[in-house]
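The following note is intended for a colleague who is meeting this structure for the first time. The points are numbered so that each may be checked against the model.

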Amino acid sequence: MTHEYQMVRKKLEILLDVKITDDALDGSIKDYNDCRQTMRTFGRVAAHHLDIITPTIRHLIIKAYYFMDVREYTAAVRKLTKLLRREKPDQYSGKKVIVAGLTLEPEGILGIFEQFGLSVVGDDLAHESRQFRTDVPYYGDPIHSLAKQWQDHRGCSGCSLAMDPYKERIEMLVEMVRATDADGLVVALMKFCDPEEYDVPIIMDACKKAGIPMLIIEIDQQARAYEQIRTRLQSFAENLN
């Protein structure tokens, strides 16, 4: 992994006609670690304000991470978290779920969650919380530190797209449901994604043993109609009552 990152560094230097120094990488690592810690805090605080942070709003706040300058983004999320903490704990009366998968898009799907009173209290989505779950450790050499982060992410947090021979991700999902007092787990299964599909039977078995209601919805990013997902989510929400 270190070798791969070194190759990417050299190619970027050629393409951008810049010198990527270790000091610059160290500074970037610090900025992104600050951002990751801020986002983890936001996630915990937002879970107590589901009347304000709807599934769509939560998703868009996290998605902005991909497009904003990291320092500006971190400052904005910190300010938002501070404002949320000033609010009284919500009186949310709907159901809370954990969502897992690669991504929960298009946004129209999130609107269906809201329609049937399902709020996202936590996630294991590759395009959301997995991005800031694991900090980059200090290993002297910044390139080696970045490589070690992937090793830590793979070994400690679990990821369907990384080698996870003991399937620690499965137990992590069960514990996430319990820790957040969620009412169930929704797996957003990307169409034709074999690594995600391989985990589904194991997740189903673990949820059954733990007594956790579980739903699988198929994500097709080219779809424009979501009637099947709507029907499944409505039935799932009604059965949680």
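1. In this predicted model, one aromatic cluster is formed by Tyr 32, Tyr 65, Tyr 66 and Tyr 73. Ring centres must lie within 6.5 Å to pair, and by this rule the count comes to three aromatic pairs. One of them joins Tyr 32 and Tyr 65 in an edge-to-face arrangement, with 6.3 Å from centre to centre and 90° between the planes. Tyr 32 belongs to helix α2 (residues 22-46), whereas Tyr 65 sits in the loop between α3 (55-63) and α4 (70-86), so this pair ties together parts that are 33 residues apart in sequence.

2. Tyr 32, at 30%, counts as partly exposed. Tyr 65 also forms an edge-to-face pair with Tyr 66, at 5.7 Å centre to centre and with 85° between the planes. Tyr 66 is partly exposed, with a relative accessibility of 38%.

3. An open sheet is formed by four strands in the order β2-β1-β3-β4, and the pairing is parallel. Because β2 and β4 stand at the edges, each with a single partner strand, one side of each is left without a neighbour in the sheet. From one strand to the next, the twist averages 25°. Between β1 and β3, which run parallel, there are five bridges. Val 97 stands opposite Gly 184 in β3.

4. Which residues of helix α5 (residues 107-115) are buried? They are Ile 109, Leu 110, Ile 112 and Phe 113. These residues cover an arc of only 150° around the axis, which means that they lie on the same side of α5. Their cover includes three of the helices and strands named here as α3, α9 (227-240) and β1 (95-101). The strands β2 (118-125), β3 (184-190) and β4 (214-219) are also included in that cover.

5. Glu 105 and Pro 106 are joined by a cis peptide bond, with omega at about 5°. Pro 106 is located in the loop between β1 and α5. Just after α5, Gly 117 adopts a positive phi of about 70°.

6. Helix α7 (residues 168-179) contains Arg 169. Is this arginine buried or exposed? At 1% relative accessibility, Arg 169 counts as buried. The side chain of Arg 169 is joined to that of Asp 124 by a polar contact of 2.7 Å. The helix itself lies across β1, β2 and β3, and α7 runs at about 155° to β2.

7. Leu 12 is placed in helix α1 (residues 2-16). With a relative accessible area of 34%, Leu 12 is partly exposed. Leaving aside residues up to four places away in sequence, Leu 12 touches Asp 17 and Ile 20.

8. Asp 17 has phi near 55°, a positive value in a residue other than glycine. Asp 17 is found in the loop between α1 and α2, and its relative accessible area of 69% makes Asp 17 exposed. For Phe 192, phi is near 70°, which is likewise positive in a residue other than glycine. Phe 192 is situated in the loop between β3 and α8 (194-210). With a relative accessible area of 69%, Phe 192 is exposed.

Note on methods
Residues numbered from 1 in each chain as written. Predicted model: local features only at pLDDT ≥ 70, side-chain atom pairs only at ≥ 80, totals over all residues. Heavy atoms only, no water. Phe/Tyr/Trp six-rings, centres within 6.5 Å; stacked < 30°, edge-to-face > 60°. Helix = DSSP H or I, 4+ residues; strand = E, 2+ residues; numbered from the N terminus. Buried < 20%, exposed > 50% of the residue type's maximum accessible area, 1.4 Å probe, protein only. Polar contact = N/O pair within 3.5 Å; in protein donor to acceptor, adjacent residues only side chain to side chain. Arc of directions from axis to C-beta. Contact = heavy atoms within 4.5 Å. Pairing = 2+ DSSP bridges. Axes fitted to C-alpha atoms, helices over the stretch in contact; angles between N-to-C directions.
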